[in-house]
Amino acid sequence: MTPAAITPSFWMSTRRSFAAAMRRDGFGIIALVVLALVILGPLYSVVLWAFAERWQYPSLIPTQFGLSFWEQTFARADIQRALPFSIVLASVVTLLSAVICLPASYAFARIKFRGRQALLLSFLATNAFPRFGLYVSIAVIFFRLNLIGTVPGVILIQLVNTLLLMIWIPTAAFQGIDRSLEEAALDVGASPLRVFIQITLPMVMPALSAALLLTFVNTFYEAQGALIVGLPRVVTMPVLMYSLINSQLVVQYGAIVSFVLWMPSLLLLLVANRLLRGGYLTAGFGV
Amino acid sequence: MATLDLINLTKQFGTVTAVDAVNLSVQDGEFMCILGPSGCGKSTLLRMIAGFEMPTEGDIRIAGDSVTHLGANKRPTAMVFQKYTLWPHMKVFDNIAFGLQLRRLPRAEIARKVEEALALVSLSGYEERYPSQLSGGQQQRVALARAIVLEPKILLLDEPFSSLDAILRVRLREELRRIQRRLKITAIFVTHDQEEALTLADRIAVMNAGRVEQLDAPTQIYDNPATLFVADFIGAMNLLQAQVSGGRIVLSGVTLDAPPGLQDGAATVAIRPEDMALLPDAAHAGAWRAVVEQISDLGHYRRALLDVGDGTLKIYLPKSAAVREGAQVAAFPRRYLIYANGGAPREVTRALPAEALTV
């Protein structure tokens, strides 16, 4: 048979199967396409802009690709300072948040104390109202304490942001662990601390790593708090991006910086994916 | 392998007394069942022995030494829980080896002990599995291996088979008995399942409302329940209200002979279904006239419900008994116990009239 002979029937069958698929999962397919457009559309535009030398209307793709804007961006002193600083800052905030919140969430999960529910709900408060108002009033206090424009000030304001996630997710995880699993470990002779480290902690690890991951990423992107408390001396990447977009209208700068800002979360997501798939974390959970 | 003594052991939760001044001595190598309805305090009692609950009062002694103030991790006890409590992130080997590793045993010895323990519960070769890859019965066997590998002085079991299906429950029960006999380990087994207790135990402690109602060998518990509660709780029993007066026990529909010395007053007569004989319909002294209301075939025996006018009697019959539903019969108690004034029961046995249908 010649290709020409195949083609019409091939197309017909494809059309038939597409129609059948639409009948079967029409809603799913439409939802998928819409989602892909909504999620990937902006990404597509940013990625293209980041590698575009020239892109003029009405062309659908850049008229000239190149890396010259990357060289220009990374040659900037402010970027060279802000990028490593942002990574270290987000790590420190995440770590501090874990140190503060994990014992608290264990207490929330395991100890029945007066006002437990109210206290747990109070962490919603910082997320329930416009943050800007909260930050401004905090900034007033920080100003008196000489924390404006200092790294500890920025760390403190970003910690506020992390509380909800770092307390709620681990609390739920700790609550999900049957007490008798811990009792069984005590029973064979493990000290309470060892029970926590070798039995409880590994079992909450998937939820815990999700909380750590989200906290890191959220902190890395956090701009409002850092903007109000940090400027002018402390400049994080997102804050820098604001000023880049505000001061000069070079689209490429913004695109490249946001591209760079994606990198940590993309990397972390890949790592998390590996961890979750590796069976180490999920082993025994029937996943 | 040791004795266990509970002395005046009491546990209060707020104003509720869960365990009320229990005294109990378990001998070396004995299999003791603690049997009772839910909420009777049996689990709390076991958890106090394990060290998960601190007693409000009293003392716990293992091999003569008080362990009351030791934490659960310091006590020479090991527990098999009701729920599946294998650690999901550890393989079977690591689950069993965990306690041994804490004791800093050499690697080779740990491997040998784990292997032996797994062989004992017939799960050799399952070392590398995760708990989620095991059935419920297998998980409980691993939990048992995890407990016995530590060679505890006292093995504690908290309804370990209650979430398994009936066939598996019976099989694991037998397996547990075999292992316990072989290791000659002292075991405390908590259950609400009387059949489990009757088949497993050397002695049974029947608990009710935080107290031990009776402590005896299974046969004794069944044949001579010390209190009305035990009579009602263990096995099937016909419990009938009666009045004692002048050496006679007056029940609804029948009058029975009272044992000598029984005081006049209210009493309860307890008759096991198998202690009741059927006679051809006629007036007999000390027998009910009854109509056979229902017959159920239960495999190796039959159960009949008799209508005796203002109540129902339950009786067991051999398969061969030629009785049909609707038949007029007389029901003759061959043996009964009389409970009066909260004291020890009085027993009466009677010779069977020649024309009985049952043996």
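Helices (H or I, at least four residues) and strands (E, at least two) are DSSP runs, numbered from the N terminus. The model is predicted: local features need pLDDT of at least 70, side-chain atom pairs count only at pLDDT 80 or more, and totals for chains, interfaces and linings use all residues. Residues are numbered from 1 along each chain as its sequence is written, chains are lettered from A and ligands numbered from 1 in the order in which they are written, and side-chain values use heavy atoms, with hydrogens and water left out.

**Exercise 1.** Describe helix α1 of chain B and what follows it.

*Solution.* Start with the span: α1 covers residues 42-50. Next, check burial (under 20% relative accessible area, 1.4 Å probe, protein chains only): eight of the nine residues are buried, among them B:Lys42, B:Leu45 and B:Arg47. Finally, step past the helix to B:Gly51, whose phi is positive, near 100°.

**Exercise 2.** Find the side chain of opposite charge nearest to B:Lys11.

*Solution.* First locate B:Lys11 in strand β1 (residues 4-13) of chain B. Then count Lys and Arg as positive and Asp and Glu as negative, leaving out His and the chain ends. Lastly, B:Lys11 is in contact (heavy atoms within 4.5 Å) with residues including B:Thr44, B:Met48 and B:Glu53.

Definitions and conventions. Buried < 20%, exposed > 50% of the residue type's maximum accessible area, 1.4 Å probe, protein only. Salt bridge = Lys/Arg side-chain N within 4 Å of Asp/Glu carboxyl O. Lists of a residue's contacts leave out its neighbours within four places in sequence.
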